[in-house]
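Hi,

Here is the structure I promised to pass on. Have a look at it first, and then read my notes below.

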Amino acid sequence: MSTPVLNVLLLGAQGQLGRELADLLQTSAVQASLGQEGQEGQEGQEFKVTGWSRADFDFADLDQ
């Protein structure tokens, strides 16, 4: 049985913290640590990261 993919919307993806977080979520070590460890046959959680920057969504411009 495969583990479902967890969709993550990352706001601020072009900033330093956003880039680092996106990279971390894609590493297998983080996926395994956040997964269902200890259960036989289970692998870590797989993430699909969608990153938005200020150009995609600006909280300061509510009319957008």
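Q64 sits in the segment that follows β2 (46-52); strands here are DSSP runs of E with at least two residues, helices are runs of H or I with at least four, and both are numbered from the N terminus. With a relative accessible area of 52%, Q64 is exposed (exposed is over 50%, buried under 20%, partly exposed in between, with a 1.4 Å probe and protein chains only). Leaving aside residues up to four places away in sequence, Q64 touches A55, D56, F57 and D58, where contact means heavy atoms within 4.5 Å.

Before you go further: this is a predicted model, so local features need pLDDT of at least 70 and side-chain atom pairs 80 or more, while totals for chains, interfaces and linings use all residues. Residues are numbered from 1 along each chain as its sequence is written, and side-chain values use heavy atoms, without hydrogens or water.

W52 is partly exposed at 33%, and F57 is partly exposed at 37%.

As for the whole chain, there are two helices and two strands, running β-α-α-β from the N terminus. Of the 64 residues, 17% are buried.

Cheers
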